[in-house]
Amino acid sequence: MLRHGTTEANERRVFTGAMDIPLSENGRRALAPLRGLYPPAGTFFTSGMRRAVETLELLYGTVSHTDIPDLGEYRFGVFEGRNHEDLFANEPFFRAWLAEDGQDVVCPGGESRRAFDSRVCAGWTKLVAHEWTGLAVLVSHGGVIMSAMRQFAPGSALSQTPGNACGFRACLSDDGGITAFEHFAAPGAQPAPPPVGTSPAVPAPSEGKECPA
(Lines give C-alpha, C1' and ligand atoms only; values in the text may rest on other atoms or scores of the structure.)
Protein backbone atom coordinates (compact mmCIF):
# COMPACT_ATOMS: atom_id res chain seq x y z
CA MET A 1 0.00 0.00 0.00
CA LEU A 2 1.56 3.24 -1.14
CA ARG A 3 0.39 6.78 -0.52
CA HIS A 4 0.42 8.97 -3.63
CA GLY A 5 3.15 11.55 -4.26
CA THR A 6 3.02 15.17 -3.09
CA THR A 7 0.30 17.55 -4.27
CA GLU A 8 -0.02 21.32 -3.93
CA ALA A 9 -2.64 20.69 -1.22
CA ASN A 10 -0.07 18.63 0.73
CA GLU A 11 2.40 21.47 0.37
CA ARG A 12 -0.20 23.97 1.63
CA ARG A 13 -1.26 21.53 4.38
CA VAL A 14 -4.96 21.72 3.56
CA PHE A 15 -7.58 18.96 3.52
CA THR A 16 -8.07 17.40 0.08
CA GLY A 17 -10.20 14.31 -0.24
CA ALA A 18 -12.70 14.08 -3.08
CA MET A 19 -10.98 16.89 -5.01
CA ASP A 20 -9.35 15.09 -7.93
CA ILE A 21 -6.12 17.07 -8.06
CA PRO A 22 -2.82 16.15 -9.78
CA LEU A 23 0.63 15.84 -8.29
CA SER A 24 2.50 19.10 -7.87
CA GLU A 25 5.59 19.88 -9.92
CA ASN A 26 7.66 19.30 -6.79
CA GLY A 27 5.88 15.99 -6.28
CA ARG A 28 6.62 14.84 -9.81
CA ARG A 29 10.28 15.85 -9.51
CA ALA A 30 10.58 13.96 -6.22
CA LEU A 31 9.20 10.74 -7.72
CA ALA A 32 11.25 10.76 -10.92
CA PRO A 33 14.50 9.46 -9.36
CA LEU A 34 12.59 6.80 -7.38
CA ARG A 35 11.56 4.84 -10.46
CA GLY A 36 13.17 1.42 -10.36
CA LEU A 37 13.70 1.55 -6.59
CA TYR A 38 10.35 -0.02 -5.70
CA PRO A 39 9.92 -3.81 -5.66
CA PRO A 40 8.88 -5.34 -9.01
CA ALA A 41 5.23 -6.37 -9.13
CA GLY A 42 2.85 -7.95 -11.58
CA THR A 43 -0.53 -6.63 -10.39
CA PHE A 44 -1.45 -3.00 -9.82
CA PHE A 45 -4.38 -1.18 -8.25
CA THR A 46 -5.17 2.50 -7.70
CA SER A 47 -8.05 4.48 -6.30
CA GLY A 48 -8.58 5.92 -9.77
CA MET A 49 -7.91 9.43 -8.50
CA ARG A 50 -5.52 11.46 -10.61
CA ARG A 51 -2.80 11.83 -7.98
CA ALA A 52 -2.74 8.06 -7.40
CA VAL A 53 -2.66 7.13 -11.10
CA GLU A 54 0.10 9.68 -11.79
CA THR A 55 2.14 8.25 -8.92
CA LEU A 56 1.83 4.72 -10.30
CA GLU A 57 2.89 5.87 -13.76
CA LEU A 58 5.93 7.75 -12.45
CA LEU A 59 7.09 4.83 -10.29
CA TYR A 60 6.26 1.88 -12.57
CA GLY A 61 5.66 3.31 -16.03
CA THR A 62 2.59 2.68 -18.14
CA VAL A 63 1.28 -0.56 -16.65
CA SER A 64 -2.15 -2.14 -16.74
CA HIS A 65 -3.99 -1.48 -13.48
CA THR A 66 -7.40 -1.78 -11.86
CA ASP A 67 -9.09 1.28 -10.37
CA ILE A 68 -11.14 0.79 -7.19
CA PRO A 69 -13.01 4.07 -6.50
CA ASP A 70 -14.09 2.89 -3.03
CA LEU A 71 -10.41 3.25 -2.06
CA GLY A 72 -10.52 6.99 -2.79
CA GLU A 73 -9.62 9.46 -0.06
CA TYR A 74 -11.96 10.64 2.72
CA ARG A 75 -14.70 12.96 1.46
CA PHE A 76 -14.20 16.05 3.59
CA GLY A 77 -17.05 18.08 2.07
CA VAL A 78 -16.87 21.77 3.01
CA PHE A 79 -13.65 21.11 4.94
CA GLU A 80 -11.74 20.58 1.68
CA GLY A 81 -9.22 23.22 0.72
CA ARG A 82 -8.96 24.50 4.30
CA ASN A 83 -6.34 23.88 6.97
CA HIS A 84 -6.67 22.43 10.46
CA GLU A 85 -6.17 25.74 12.27
CA ASP A 86 -8.87 27.56 10.28
CA LEU A 87 -11.35 24.73 10.71
CA PHE A 88 -10.69 24.22 14.41
CA ALA A 89 -11.21 27.92 15.07
CA ASN A 90 -14.27 28.45 12.89
CA GLU A 91 -16.16 25.18 12.34
CA PRO A 92 -17.97 23.59 15.32
CA PHE A 93 -18.68 20.55 13.12
CA PHE A 94 -14.94 20.08 12.66
CA ARG A 95 -14.32 19.98 16.39
CA ALA A 96 -17.17 17.49 16.80
CA TRP A 97 -15.78 15.40 13.94
CA LEU A 98 -12.38 15.24 15.64
CA ALA A 99 -13.81 14.03 18.95
CA GLU A 100 -13.21 10.39 19.92
CA ASP A 101 -16.97 9.76 19.86
CA GLY A 102 -17.40 11.64 16.57
CA GLN A 103 -17.33 8.64 14.24
CA ASP A 104 -20.90 9.35 13.11
CA VAL A 105 -20.43 13.10 12.62
CA VAL A 106 -20.82 13.83 8.91
CA CYS A 107 -18.60 16.48 7.35
CA PRO A 108 -21.14 18.85 5.72
CA GLY A 109 -21.25 17.76 2.08
CA GLY A 110 -18.97 14.79 2.86
CA GLU A 111 -19.08 11.63 4.95
CA SER A 112 -18.63 10.39 8.50
CA ARG A 113 -15.65 8.39 9.73
CA ARG A 114 -17.87 5.33 10.09
CA ALA A 115 -19.13 5.68 6.50
CA PHE A 116 -15.57 6.12 5.26
CA ASP A 117 -14.39 2.97 7.03
CA SER A 118 -17.33 1.05 5.54
CA ARG A 119 -16.44 2.31 2.06
CA VAL A 120 -12.79 1.34 2.50
CA CYS A 121 -13.88 -2.10 3.70
CA ALA A 122 -15.99 -2.52 0.57
CA GLY A 123 -13.07 -1.45 -1.62
CA TRP A 124 -10.69 -3.78 0.18
CA THR A 125 -13.12 -6.66 -0.39
CA LYS A 126 -13.12 -5.87 -4.12
CA LEU A 127 -9.32 -5.78 -4.15
CA VAL A 128 -8.79 -9.14 -2.46
CA ALA A 129 -11.36 -10.74 -4.77
CA HIS A 130 -8.82 -10.37 -7.58
CA GLU A 131 -6.44 -13.24 -8.27
CA TRP A 132 -2.69 -12.64 -8.20
CA THR A 133 0.50 -14.32 -7.06
CA GLY A 134 3.59 -12.64 -5.70
CA LEU A 135 3.52 -8.89 -5.18
CA ALA A 136 0.68 -6.49 -5.95
CA VAL A 137 0.80 -2.71 -5.55
CA LEU A 138 -2.01 -0.44 -4.42
CA VAL A 139 -1.47 3.32 -4.83
CA SER A 140 -4.02 5.11 -2.71
CA HIS A 141 -4.24 7.74 0.04
CA GLY A 142 -3.14 8.38 3.60
CA GLY A 143 -6.62 8.10 5.08
CA VAL A 144 -7.35 4.91 3.17
CA ILE A 145 -4.12 3.28 4.34
CA MET A 146 -4.84 4.24 7.94
CA SER A 147 -8.38 2.86 7.69
CA ALA A 148 -7.26 -0.40 6.06
CA MET A 149 -4.56 -0.97 8.66
CA ARG A 150 -6.97 -0.17 11.48
CA GLN A 151 -9.59 -2.61 10.14
CA PHE A 152 -7.45 -5.42 8.76
CA ALA A 153 -4.28 -5.31 10.87
CA PRO A 154 -5.60 -5.32 14.44
CA GLY A 155 -3.05 -4.04 16.91
CA SER A 156 -1.12 -1.96 14.37
CA ALA A 157 -1.90 1.19 16.41
CA LEU A 158 -0.88 3.66 13.70
CA SER A 159 -0.58 7.22 14.94
CA GLN A 160 0.42 8.99 11.72
CA THR A 161 -0.21 8.58 8.00
CA PRO A 162 2.72 7.40 5.86
CA GLY A 163 4.75 10.02 4.03
CA ASN A 164 4.11 10.66 0.35
CA ALA A 165 5.25 7.72 -1.81
CA CYS A 166 5.64 5.61 1.35
CA GLY A 167 3.41 3.00 2.92
CA PHE A 168 3.38 -0.62 4.05
CA ARG A 169 4.39 -3.96 2.63
CA ALA A 170 2.08 -6.66 3.90
CA CYS A 171 0.97 -10.26 3.57
CA LEU A 172 -2.72 -11.01 3.21
CA SER A 173 -4.77 -13.99 4.29
CA ASP A 174 -7.35 -15.42 1.91
CA ASP A 175 -10.07 -13.36 3.57
CA GLY A 176 -8.09 -10.10 3.26
CA GLY A 177 -6.67 -9.90 6.76
CA ILE A 178 -3.19 -8.42 7.09
CA THR A 179 -1.15 -11.15 8.73
CA ALA A 180 2.23 -9.40 8.67
CA PHE A 181 3.45 -5.96 7.69
CA GLU A 182 6.42 -3.63 7.66
CA HIS A 183 6.85 0.03 6.87
CA PHE A 184 8.12 0.69 3.35
CA ALA A 185 9.90 3.73 1.94
CA ALA A 186 12.11 3.89 -1.13
CA PRO A 187 15.47 5.63 -0.81
CA GLY A 188 14.92 9.36 -0.98
CA ALA A 189 11.29 9.21 0.12
CA GLN A 190 10.36 10.64 3.50
CA PRO A 191 8.78 7.98 5.75
CA ALA A 192 6.51 8.65 8.67
CA PRO A 193 7.64 7.28 12.04
CA PRO A 194 7.06 3.52 12.39
CA PRO A 195 3.75 2.46 13.95
CA VAL A 196 3.43 1.84 17.63
CA GLY A 197 3.34 -1.88 18.40
CA THR A 198 4.87 -4.76 16.55
CA SER A 199 4.09 -7.08 13.70
CA PRO A 200 5.65 -10.35 12.56
CA ALA A 201 8.30 -9.86 9.90
CA VAL A 202 7.00 -10.00 6.34
CA PRO A 203 8.22 -13.21 4.72
CA ALA A 204 9.87 -13.31 1.31
CA PRO A 205 7.48 -13.45 -1.67
CA SER A 206 6.06 -16.89 -2.33
CA GLU A 207 3.45 -18.36 -4.61
CA GLY A 208 0.68 -17.02 -2.40
CA LYS A 209 -0.80 -13.52 -2.22
CA GLU A 210 1.53 -10.86 -1.04
CA CYS A 211 0.22 -7.66 -0.50
CA PRO A 212 -0.84 -4.45 -1.89
CA ALA A 213 2.73 -3.46 -1.33
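Modeller: Helices here are DSSP runs of at least four residues, and they are numbered from the N terminus. The part I pick is helix H3, residues 50-60, and the residue in it is Glu54. Keep in mind that this is a predicted model.

Start with Glu54. Is Glu54 buried or exposed? Its relative accessible area is 12%. The cut-off for buried is under 20%, so Glu54 counts as buried.

Now widen the view to the whole helix. H3 is mostly covered, with nine of its 11 residues buried. Those residues are Arg51, Ala52, Val53, Glu54, Thr55, Leu56, Leu58, Leu59 and Tyr60. What covers them? The cover includes helix H2 (25-31). Strands take part as well: S1 (2-3), S2 (43-46), S3 (66-67) and S4 (134-140) are included. Past the end of H3 comes Gly61. Gly61 has a positive phi, near 85°.

Arg13 is one of them, at about 60°. Arg13 sits in the loop between helix H1 (8-12) and H2. At 69% relative accessibility, Arg13 is exposed. Ala165 has a positive phi of about 70°. Ala165 belongs to the loop between H7 and strand S5 (166-172). With 3% relative accessibility, Ala165 is buried.

Next, a pair of helices elsewhere in the chain. Two packed helices are described by the angle and the distance between their axes. For H6 (residues 113-128) and H7 (residues 142-152), the axes come within 10 Å and cross at roughly 80°. H6 is therefore roughly perpendicular to H7. On the H6 side, the contact is made by Phe116, Asp117, Val120, Cys121 and Trp124. On the H7 side, Gly143, Val144, Ser147, Ala148, Arg150, Gln151 and Phe152 take part. The residues of this contact divide into seven nonpolar, three polar and two charged.

Val120 is found in H6, and it is buried at 0% relative accessible area. Beyond its neighbours within four places in sequence, Val120 is in contact with Val144, Ser147, Ala148 and Gln151, as well as Asp70 and Leu71. How far is Val120 from Glu73 in space? The two are 9.1 Å apart, C-alpha to C-alpha, and 47 residues apart in sequence.

Finally, the chain as a whole. The chain holds seven helices and seven strands. From the N terminus on, the order of elements is β-α-α-β-α-β-α-α-α-β-α-β-β-β. Among the 213 residues, 51% count as buried. Take the contacts in the chain with a separation of 6 or more: residues 24 or more positions apart account for 67% of them. The chain exposes about 10100 Å², and carbon and sulfur atoms supply 53% of that area.

Key:
Residues are numbered from 1 along each chain as its sequence is written. This is a predicted model: local features need pLDDT of at least 70, side-chain atom pairs count only at pLDDT 80 or more; totals for chains, interfaces and linings use all residues. Side-chain values use heavy atoms; hydrogens and water are left out. Axes are lines fitted to C-alpha atoms, for helices over the stretch in contact, and angles run from 0 to 180 degrees between N-to-C directions. Helices (H or I, at least four residues) and strands (E, at least two) are DSSP runs, numbered from the N terminus. Angles under 35 degrees count as roughly parallel, over 145 as roughly antiparallel, 65 to 115 as roughly perpendicular and the rest as oblique. Contact means heavy atoms within 4.5 Å. Ala, Val, Leu, Ile, Met, Phe, Trp, Tyr, Cys and Pro count as nonpolar, Asp, Glu, Lys and Arg as charged, and the others, Gly among them, as polar. Buried means under 20% relative accessible area, exposed over 50%, partly exposed in between (1.4 Å probe, protein chains only). Accessible areas come from the Shrake-Rupley method with a 1.4 Å probe; for residues, only the protein chains shown count as cover.
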